[in-house]
Amino acid sequence: MCPPTTSTSENNNDHLVQSSDPNHPANLIPALCAKFWTLGWVTGTGGGASIRSDDLVYLAPSGVQKELMKPEDIYVLSLAAQAQSLDKRQRVYLRSPANFKPSQCTPLFLAAFTKRNAGCCIHTHSHWAVLVTLILETQGSKEFLINNIEQIKGFGKGFGKSGNLGYHDTLRIPVIENTAHEEDLTEFLEEAMDQYPDTYAVLVRRHGVYVWGENVHKAKTMCESLDYLFQLAVEMKQLGLPWVTDIEPTIPTRK
């Protein structure tokens, strides 16, 4: 059941999603989701994306075909207004589309913005992400670990830290258990953020993954890098290759 919502103006603040700038959040979210659809990340209306611009948060709605989404389908809310609300499930939207419902991903996106000061959060139903959680389930593990793979360089060192991880570093992604209603994942995602302060992603068992970054470019880069690593990990498992190896850094010598 979606939380109750209200709009704060009679004209619905449609100007918030009207812009000729392709980099405006209301234009970027449909464009990104259309690309994600081609990758199989948001099929069957699943998954989504949200972008924060200062205090304004732009969100894809629930139940929309992501490859057909338009700017007028986007929800907009004030981040500060949510922080001040006593009832976290009673969200006030500055702008609401006429024919859709708010996404149950909304409180999880908000967690990335409030706890990590993220500028963008992406949620995919990538089958590689799901397969990795199933492999980890057979091992009784609640974290994905991989190292000594070049693509790890696509990830930042952690919130508030400068620079990216190196080739020899170990990438750690926590796994939380799925729930019947997506918004009920929020407290578990926030707990995972606290336990893994340097992570930019959280896997959801048998469901998918949430990935965030300080801006759209970094969130997209890490989401793509992570999906590459998930696919690689599944194929490595099929070949009997370990995800974590003891490869010592080598220092090249000049002749």
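How are α4 and α6 oriented to each other? Keep in mind that this is a predicted model. The axes of helix α4 (residues 127–138) and α6 come within 8 Å and cross at roughly 45 degrees. Angles under 35 degrees count as roughly parallel and 65 to 115 as roughly perpendicular, so α4 and α6 are oblique to each other. As for handedness, α4 passes α6 in a left-handed crossing. On the α4 side, the contact is made by W128, A129, L131, V132 and I135, while α6 brings in D227, F230, Q231, A233, V234, E235 and K237. Sorted by class, that contact of α4 with α6 has 8 nonpolar, 1 polar and 3 charged residues.

Helix α3 (residues 106–116) and helix α5 (residues 186–195) have axes that come within 9 Å and cross at roughly 25 degrees. Since the cut-off for roughly parallel is under 35 degrees, α3 is roughly parallel to α5. Here the crossing of α3 past α5 is right-handed. From α3, the residues making the contact are P107, L108, A111, A112, K115 and R116; from α5 they are T186, L189, E190, M193 and D194. The class tally for α3 with α5 is 6 nonpolar, 1 polar and 4 charged residues.

Next, take a look at α1. This helix (residues 25–38) has 14 residues and reaches 20 Å from its first C-alpha to its last, close to the 20 Å expected at 1.5 Å a residue. Its buried residues are P25, A26, N27, L28, I29, P30, L32, C33 and F36. What do the buried residues of α1 pack against? Their partners are β2 (48–53), β3 (56–59), β6 (120–124) and α6 (216–238). Just after α1, the backbone at G40 takes a positive phi of about 80 degrees.

That brings us to phi angles. Most residues other than glycine have a negative phi. Two residues here are worth a click on that count. D54 is not a glycine, yet has a positive phi of about 55 degrees; look for D54 in the loop between β2 and β3. N148, also not a glycine, has a positive phi of about 55 degrees, and sits in the loop between β7 (143–147) and β8 (170–176). Is N148 buried or exposed? With a relative accessible area of 7%, N148 is buried, whereas D54 counts as exposed at 66% relative accessibility.

Conventions. Residues numbered from 1 in each chain as written. Predicted model: local features only at pLDDT ≥ 70, side-chain atom pairs only at ≥ 80, totals over all residues. Heavy atoms only, no water. Axes fitted to C-alpha atoms, helices over the stretch in contact; angles between N-to-C directions. Helix = DSSP H or I, 4+ residues; strand = E, 2+ residues; numbered from the N terminus. Parallel < 35°, antiparallel > 145°, perpendicular 65-115°, else oblique. Left-handed = near helix turned anticlockwise from the far one by under 90°. Contact = heavy atoms within 4.5 Å. Nonpolar A, V, L, I, M, F, W, Y, C, P; charged D, E, K, R; others polar. Expected span 1.5 Å × (residues − 1). Buried < 20%, exposed > 50% of the residue type's maximum accessible area, 1.4 Å probe, protein only.
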